[in-house]
Structures are given as C-alpha cells and as structure tokens.
Amino acid sequence: MEDVYHLRGVMTAAAMLFVTAGLPGLMLVYYGIVGITSDDLAVAADLRRRSEAASVEYKTDLEATFVQFQNAALSRLTSGQSVYTGQREIEDALRVVFRFDAEGALEPPFLQSTVYQLEDQQFLLFDTWQEALAAERDQRWDRAAALYMQAARQTRSKRDRARCMYNRARALDRAGQGRDAEALWRQLIEEQGRDLYGFRVGDLARLELAQTRLKRDPAGGQDDLRFLADALLADNWEIGRGGEAAVARRAIELLPSSDWTARARGRVDERSSQLYWAERLQPELDSLGARGRLLRANSGSFVYNKTDTALWATTWTDSDQYVFALEFERLLDRERLAAATVGGPDGDIRATLVGPDATVPGEVLARASLAPWLPNWSVVVGPRDPAGLATQQADKRTRGIGIVLISVAMIALGLGLASRQVRRELESARDKSDFAAHVSHELRSPITQIRLKAEALQLGLAVDDASRNRHYDVIVRESERLSRLVDNILDFAAIEKGRKRYTFRIGDVGSTVARCVEQAGVAMETKAMKIDFEVPDDLPVIWHDADAVSQVMVNLLSNAAKYGQSAGWIGVQIRVAEGLAGPEVCVDVRDRGIGIAAGEQKQVFDQYYRSTDPLARSKKGTGIGLTIVRYIMEAHGGRVGIESTPGAGSTFTLHFPLSFVPPHGPGT
Ligand code: ADP
C-alpha cells in the first residue's frame, strides 16, 4: 500500500516538474530556434529588398541623365538652335555632333575629307625650290622670288603652283615690292588647295593681305582680320584638316585683345576640339554608317550604339539625322561613381557596373539591365562584405542559442535549488519530529531507572550494602544524564530564541577544562574510560564564560564516551597555536570511536541532526549537543573544528582566539 502511495507521489512530482519546468523549457527552446531562424530569414529578405530598391533607384537616376540629354538636344534642334555650340550644357560626355542628310551624307559644319592622304608635294623635290629656300635663308629676297617663279613653272600641279606663288609673294614683300606681292595674294585668295601643312593657300593669302593692310590702315586691317576669323568659323571644316583653326587663331592673335577676341578664341577652341574628336571617331562613325545603323532611328527618338570609344546616340529631326558621340569611358567613370554611392559609403550593400564580358563579383541580390542607355551593361547589387555578413549572422545566431541555453540552464538550476530547499525543509521537519521522539525517550528512560531503583530501595529489596550501592550509583548516573539533558534543552531553546546570556570573565580556560575532565572521570558514564589530559603550564588567560565552556566540554566528552566507548580512551589536550586571525588557545577532544563520514562532518553541527550511520543511531541522542557547542564557540569569537576518519575516531577542536574581547562587556 505504501509503495502505491510512493509511486503516486513520484508520478505527481514528475508531472509537476514537467509542467513547471520541462514544458516552459521546451517551449523556450522551440520559440528560441523559431525566432533565430525567422530572424535570419528576415535579415536576408531585408537585404534583398534593399538591393532591389537600390538597383531600381540607380537605374532611374541613369535614365534621368539620358532623358535629360535627349530632351535638351531635341529642344535645341527643334527650335533651330545649333547643338554644336555649348555642347557641355547638354551633356558632359558629349564630344561631337554629326548631321547627315536623307542620303546619309555628312553635312556642315563637318565635312568628310574627300582626299584622305595629302597629295604628293612634287615641288619639294625640285632643286629650284631648295635653292629658293636657301636664298630666303640668306635674305636674298629678289633671287628667292625669281626662283619660286621658276619652281611654279616647273610643276604641273595647280595646288603646288599656288604654294610656290604664295612663297614668291612673301619674298617680293620682303624685297620691298609690296604692290606686286599684294597683287599676287589677291590672285591667290580664291585658291582652295591645301599646302603640305594642310593650310588652304587662299586662307594664308588673306592673312598676309590683312597683315599688310594693318601696317597702312590699322582699323581696316583689323576689320579684315575679324572678317577672316568669322569667315573661317562660318565655313565647313573638313575632318582631318586643321589649317582653318590655325589661321583663325593667328588672325585673332594679331588683333588687340577685347571681348570679341576672347569670344572668338573660345569658339575656335571648341571647334578645334570638335574637329579633334570628329577625326578620332571617324573610323567608328564609318563602321556605324557602313552597317546602316545610322538610319535606324525614328524621328524624335534616340537609339544608342556602343563602340570602342563612344556611345553613339542617333535621332532624326526635320529630315536630317543627328548622331551624337558621347565619350564612353567618361560616361562609365561617372556611372561607376554613381554606383559607388548606392547603399551609402558604409552601407552593407554595394552596386557594381558589369560589362558584357565581365564576371559578376560575389553574391548577386538584384540586377538591372542598363539597356538601351548602356547596351549590354547592367548594374548588380550584392552584399558589400558577404563573409563579414555571414560571420555577423553566425554570431547573432550563437548569441541567440546561448541565451536560450542559459535560460534553460537557469530554469534547471532554479528547479534544482528549489527541490533541494524543499528536501531540506522536509528533512528538518523530520529531524524536528525525530527530536521530539528522542527527547521524550531520553527523558523517560532515566526517570524510569531512577524510580525503579528508588522504589527498590524504599521497599527494602536491596538486602546488602553492595546491591544498595549499585542502586544508588544508577540513581546518581541517571540523574546526571537527566540534568545534562535538561540543561542542553533549556540552553538550546535559549540559543534558538537568541536569549542565551553569557558571563564573560578573563581567566584560565585550562582550569575550567580540567574541572570538566575531572568530573567526567568520576562520572558514571565515563568511569570505565581512560582519559589522557595534557595542559601546558604557561597557558595565557582569555575572556570566556566558564559555565558555557563547561557545557561545551561536557557535550564533547559525553559524545566521545558515547561514540568511542568500545575503544575506552579519550584524549584531551590544550595547546596554544597560530590561528587564522592570530594566536589562539585550542582544546582537542579526541576519541578512537566510530568516526564520522566526510559527507556528514559539516551537518553534525546542524540542529537536530543525527548521523545516518546505524552504529551512531544505536546510541541515544537528541541532535542538539554539537549545535550548542557551535553557538557557544561563536559567542567566544571562535569556532569548532572537526577531523574524523570513520572507524578510526574523531577529534573536535575548540579554537579560542586570544584577541577575543566580549562585545558588550563581561556580561552579555
Ligand atoms: P547527539 O545527541 O545525537 O549526540 P550531537 O549534536 O551531540 O547529538 O551530535 C550529532 C551527531 O554527531 C551524533 O548523532 C553523532 O552521529 C555524531 N557525533 C558527535 N560526536 C561524535 C563522536 N565523537 N564520534 C562519532 N560521531 C559523533
């Protein structure tokens, strides 16, 4: 029946344990893991969402720049304004604009050079030309003029002849025959042929004329120069020929500087740069045109084509086709810079521009094609530092798991502590009820003995002296036991309530101990035992309560007798030793009895505690003797130590520190 109750109790406890700790623990682990994984997923989803948003944002920005360019270019064209001037206002990367007619032929101001290679300049090989040059170097101007005339006759090329005549005019001018020179220049003005340096001889002649006029008639000369520069700028420039720019620049240099010259110089510079790019881009333009791509654009809409150096934008307006060359590297640099700002400089995502052949760097979370603006290019967005992100994530996970585990461990620990406390309380309750049983038993047996022996004496049952004496001995021994027991119980009750009072006196603790040992020697219980007592002569005096110390000694000696009876020996030694807080008087009470297991050596000082050892249990006791010893020693500023080996015996040591002074004076 008891087993059934026990089983039910165990099951109830297990069920409670499961409900109060097991279930919350499991739920904590479950929700912890669910939380950690959903956290992981949320971080990944957030990164992807931000990457997608960043790629869209980047593309929108890119679109905006191109749309802006288109609108600016178209509005200029439709309003009849030139797109050649102020190109930078339209787009930074814009290098040159070409205009084609319906047939695909290049229109002004740039013209495709009809002659790509300069014609052979035969006259350079003529001896007369060389001689003329030598005469010029020697400043023999008449001779030089005559020789240039001769060279002009020798050549069959009209263009070569023009150059020879130009040089002759210059020699005549130097020779002082200005009029002849001027007449010659005037003839040459209509000459369109170019000399070996790419200059139109006609332009050079105009420049010379203007210069000669400048000497005679400065205002007129300046007009001529301005007129020349304007005419050159209004003219169509051939791709691959830079003479016009040089002549115009020279004409401007000859003029006194003014707003006009500054403006004109700016126009020449811009035109020169356009010409430079037109020349550089000519092969690419040819290849675009050759494949007929130029004709693909619709009116008012742009088509983009990428070649090695340029991004060509094509559109039709007013039956003319316009082709814009945007410098590709420049555009790309700018877009790379814009991509770098995606996600912020310290953000966790990064955008990269990826070309048609480039490999995608690292993990890609979002991608956007940049067509039609940058054909075959795309922007990819991914984590800036994937490894770092993974470590961060792993760290977070470890932390989360750690917190869950610690929480579960704390639940387990709390449970352990609580159950230990409950067990202790139960034990103490049991000890208390055991104590009551022990006390009543301890009280009853001496009283019964005393009464029995007293009655026997009263009735005269003890006939001789010897048996009468035995009866008296029992009565004395049992009364001693009774009074010791009552003393202990009263003392314990006082201690428990905190009402125990001490009367401290400074004195020789050795003599108190000696008196106890002496009394124990004659006491009935310890009579049969041999007590060895050692005390040094020069024992220092200490503050102590002699009655309390006697009670301590009586308890220790009676325990030594009780649990060491079979050995028949007790050793008591007083000595002075160096303690933890200075010198102290130590009293060892030694026996060779049953000893105390290591696990119990601390507990024996707890109230009501009695050893579980059956040998110790066979002795009568209440479990408060050592508790009283401990309290009294603490009241003396000292402690009681224990050294014991089961089966070999125990030593209890009282430590009285010399430094102890009663806290409230002698009587407390
Ligand atoms: P008790 O009245 O049971 O002796 P105590 O408080 O004096 O109570 O002692 C507590 C327990 O300590 C005892 O029950 C006993 O098991 C153990 N004990 C005390 N003194 C000794 C000793 N000298 N040898 C062995 N065991 C001892």
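Predicted model: local features only at pLDDT ≥ 70, side-chain atom pairs only at ≥ 80, totals over all residues.
View 1. The shell holds 20 residues, of which N559, Y563, D591, R610 and L626 come nearest to the ligand. By class, the shell residues are nine nonpolar, eight polar and three charged.

View 2. Which side chains have an N or O atom 2.8 Å from the ligand? The side chain of N559 has one at 2.8 Å from a ligand oxygen. The side chain of D591 has one at 2.8 Å from a ligand nitrogen. The backbone also takes part: a polar backbone atom of G625 lies 3.2 Å from an oxygen atom of the ligand. How much of the ligand does the protein bury? Taken alone, the ligand exposes 520 Å², and the protein buries 97% of that.

**View 3. The lining of the largest pocket.** The largest pocket holds about 880 Å³ of space. Its lining counts 44 residues; closest to the pocket centre are N559, K562, Y563, K620 and G621. Several elements give two or more residues to the lining: helix 12 (386–458), helix 13 (465–497), helix 15, strand 14 (582–591), helix 16 (614–617), helix 17 and strand 16. Helix 15 gives the most, with eight residues. The lining divides into 17 nonpolar, 13 polar and 14 charged residues.

View 4. Most peptide bonds are trans. Where does the chain depart from this? The bond from P108 to P109 is cis, with omega near 5 degrees. P109 belongs to the loop between strand 1 (94–100) and strand 2 (110–111). A371 and P372 are also joined by a cis peptide bond, and here omega is about 0 degrees. P372 is in the loop between strand 8 (366–369) and strand 9 (378–383).

**View 5. A positive phi at D318.** Most residues other than glycine have a negative phi. What is the phi of D318? D318 is not a glycine, yet its phi is positive, at about 50 degrees.

Note on methods
Residues numbered from 1 in each chain as written. Heavy atoms only, no water. Near = heavy atom within 4 Å. Polar contact = N/O pair within 3.5 Å; in protein donor to acceptor, adjacent residues only side chain to side chain. Areas by Shrake-Rupley, 256 points an atom, 1.4 Å probe, with all protein chains shown as cover. Nonpolar A, V, L, I, M, F, W, Y, C, P; charged D, E, K, R; others polar. 1 Å grid on protein atoms, 1.4 Å probe; cavity = no way out; pocket = protein on both sides within 12 Å on 5 of 7 lines; lining within 4 Å. Points joined across faces, edges and corners; volume = space filled by probe spheres on them. Helix = DSSP H or I, 4+ residues; strand = E, 2+ residues; numbered from the N terminus.
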